[in-house]
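User: Could you take a close look at one helix pairing in this model for me? After that, I would be glad of a connected tour of the other local details that deserve a check.

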Amino acid sequence: MGDSETLDSRKTVRLWAAATALGVVVSYVAVLLADVRHFYTDDTESQYVPLWIHIGELLRQGKMPGVVPEEWMAGNLAVEGQGSLLNPPQLLVSFIAPSVDNLLVLATVVKLVYSIILALGVFRICTTYGARAQWAAVAGVAVPFSGFILFLDQASWVLALAGTAWLTHAWASAVRYARGRSGPIPLFVFLYFAISVGYVWPGTESALMIGAVAIGEVIYQRKWLPSAKILLAAGCAGLVGAMTYLPSFLSSHVTWRDAEFVFKNDGFMTIPWSETLNASLPSTRPSFTSWFGLIQPFPIVYIAWFLIPALAFIDWKRVTRSMREVSGIAIFAGITLFWTAGPAVIGPLRWPARVLPMVALSLLILVCVLLSRHGTLAGWRARCGAAAVLLLVLLGRSISSAPSGRIHSHIEATLIVAAMGAVVLLVASKKTVAMACALLVVSVAPVAYYMVNAVGTHPMSWNLPERRSEAKAAFPDFDGTTLQLADSLRWPKEEKNLDGVYGSEVVGFYANDLDLEYVNGYTPIGHYWFSYYMCMRWDGSVCPDARRWAFTNEQSTGKPLVDLMKVDRVVLQRAMYPDARNDPPPPGWKWVDYPGHENYIYVLERIDGPVSTENGRISYTSPGVTATSEDESNHTSRARVSSENGGRVVFARIPWPGYHVTLDGKDVEYGTVLDSFLAVDIPPGTKDAELEVTWRPPGWQLGITTAVLGFVGVGILQWLYLRRRKKDSPEEGEAAQPEVREPTPEAHVPDGR
């Protein structure tokens, strides 16, 4: 590691850093023993992993991921952002993903790597603030297994985990840069990684963290220049990372999340501050409004079993000596704790419970740094009594949050925490603090097992198949473009397996696991008008009226939506349309039987075969217009058009912002059909002209400009850093003077330092 400002040797720091990584691995094994699918749950299985496979296949074909027209409103990967198209580590994950058959293994390994990165980032923050390496290891292992991270970020929202991991390293690098122990490049790189994962929360939290650190360094150093350098380096990373969010922002007016700023509090996923008093009981079930009602099914406000009781063993009279130095941590903890209570919506940021990982992160770092520098057993009887009172408060609050049927669990958890605390205190007093810290590191694994085992199967799990090969073998071999008309809410829980619905139907991006081309996908952004006319939701589900609308002729073209979309096949969910097979098929379509799947789906296919491969993505030409596709890719349609009297050409493309149309090299305006299909009006007298429709991420030129400015800016900061470093280096033959630091008081425990 090499960046510790403690009294530990370099060898000791490395040893505890290795112990931190090992502690994460052991805790992962413990979680897997409780639930082998824990890290392959919800959005991980229905969105992220299939998206990695899809992006990886595009990369291997030499194609830059951007827009995939056949996936319709889920196919604008640049607008979605969560494809992490500009994030090098995540692009590496995507490149590897298509080669992995067992997707549970893929998700678990990727999350393990990110969790180790997160733990080592916390380790770096603690040592940078002067904590002993042993206490840094305690915080490092505990953070990835705090409640919200374990049950939501680890289980489902992997990009939140990744962003938090990079944020911690940016934090440590920011403090080191401000204190002259490192240059701006590490801060720049780690902050860019946190921003470019494409998940807006880590980027926003990183901005808050940088602000808190900057204020904290002004308080500590009593000068502005170090903080100004932090802000400038962070600004450069923001300039380079802007391209990640520009397409989404500039396209927001056609999505569900328009650019209108909304500021409200409806109470959804807002956490009362009193729930902080549940932070050290692994049995806690906090009460606030979410998808699960008022009482939550898992302890997402849990931070660490020792966090609250440990407050009794800090010498608070001496803490004032360190508060200026660690004020940045306290400021960040205060900001994030304040946010968790609301408002529920701030523009694109919703569900403030998502800030809980930052609360856990900052409080664990702060407490472990203070324990390292001011931990004491002096007056141990009174301190043990205070710890017991804190445990009783925890017990009372947890019972108040979820009393029904759980009182015995809370009492049991309180006794376990008290027993573990007694053992750690005994070891600290009779042996060494290092051994006590080792016990704390080891204790994370059984507590993680206890929590996951108590919850059982994750309540958000889709239970999608783990192996791609088995899923492909069970699923019909649908060629071409398929539209599924189904509702995932109609699936009985016991039929969510390969022998049931997953052998015939898809949800989210599951079709990518199968290497099939489906209109249905996963999108938290959506396209307002397409979803309106197709009645399609975020996971690709539709309402019953979708069947009627899909086959109803659009007025201006006289074509049904399935023709304008160039769909080859329509799969109808039997649970939604139980009598559909008795109806005559629409004109040009026929019912096709797929033996073994008739319990779940009815299938309509075109009588004359697939249309998705005919004439590129041209789906309609008005009378008197001829249009022949000459070249076709995801981003470009090129056609030869003629029209004596003028007319219209319609493409099977959503008119996302970013399209540019030329006719014989001259710019022309394009229109839309139902605001869902890109259409070009061909002027009269056009003969054998080249029509080119090209998509680029909106704001790409601005993004390139800001990126150049960001790289130039960080280059200048690095040059200034090296210049200053050379100026401050001792002359040849002159002995270098060691840095003089404010002395840290010895802890009042054996081997406390």
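Analyst: Happy to. Let's start with helix H9 (residues 184-196) and helix H23 (residues 700-728), whose axes come within 9 Å and cross at roughly 155° in this predicted model. An angle over 145 degrees counts as roughly antiparallel, so H9 is roughly antiparallel to H23. On the H9 side, the contact is made by Pro-184, Ile-185 and Phe-188. H23 brings Gly-710, Phe-711, Val-714, Leu-717, Gln-718 and Tyr-721 to that contact. The spacing is in keeping with a general rule: an α-helix has 3.6 residues a turn, so residues three or four places apart point the same way. By class, the contact of H9 with H23 has seven nonpolar residues, two polar ones and no charged ones.

The axes of helix H10 (residues 200-221) and helix H13 (residues 327-340) come within 7 Å, crossing at roughly 140°. That angle makes H10 oblique to H13, and the crossing is right-handed. H10 contributes Trp-201, Thr-204, Glu-205, Leu-208, Met-209, Ala-212, Ile-215, Gly-216 and Ile-219 to the contact. From H13 come Ser-327, Gly-328, Ile-331, Phe-332, Ile-335 and Trp-339. Here the contact of H10 with H13 has ten nonpolar, four polar and one charged residues.

Pro-343 sits in the loop between H13 and strand S4 (345-346), and the peptide bond from Gly-342 to Pro-343 is cis, with omega near 5°. As background, most residues other than glycine have a negative phi, and most peptide bonds are trans. Trp-351, in the loop between strand S5 (349-350) and H14, has a positive phi near 65°. With 16% relative accessibility, Trp-351 counts as buried. Ser-84 also has a positive phi, of about 50°; its place is in the loop between helix H3 (77-80) and helix H4 (88-96). Ser-84 is buried too, at a relative accessible area of 1%.

For an enclosed helix, turn to H6 (residues 133-142). Ten of its ten residues are buried, so H6 is largely enclosed by the rest of the structure. Among them are Gln-134, Trp-135 and Gly-140. The buried residues of H6 pack against helix H1 (10-34), helix H5 (103-128), helix H14 (356-374) and helix H17 (433-455).

Next, the cysteines. The count comes to one disulfide: Cys-535 and Cys-543, with their sulfur atoms 1.9 Å apart. The torsion about their S-S bond is about 135°, so this disulfide is right-handed. Cys-126 is another matter, because its sulfur is 5.8 Å from the closest cysteine sulfur, in Cys-368, which is too far for a bond. Cys-437 is in no disulfide either, as the nearest cysteine sulfur, that of Cys-368, is 7.8 Å away. Cys-126 is buried at a relative accessible area of 0%, and Cys-437 is buried at 0% as well.

Finally, Glu-517 lies in strand S7 (residues 517-518). At 35% relative accessibility, Glu-517 counts as partly exposed. Leaving aside residues up to four places away in sequence, Glu-517 touches Glu-70, Gly-480, Thr-481 and Thr-482.

Key. Residues numbered from 1 in each chain as written. Predicted model: local features only at pLDDT ≥ 70, side-chain atom pairs only at ≥ 80, totals over all residues. Heavy atoms only, no water. Disulfide = S-S within 2.5 Å. Buried < 20%, exposed > 50% of the residue type's maximum accessible area, 1.4 Å probe, protein only. Axes fitted to C-alpha atoms, helices over the stretch in contact; angles between N-to-C directions. Helix = DSSP H or I, 4+ residues; strand = E, 2+ residues; numbered from the N terminus. Parallel < 35°, antiparallel > 145°, perpendicular 65-115°, else oblique. Left-handed = near helix turned anticlockwise from the far one by under 90°. Contact = heavy atoms within 4.5 Å. Nonpolar A, V, L, I, M, F, W, Y, C, P; charged D, E, K, R; others polar.
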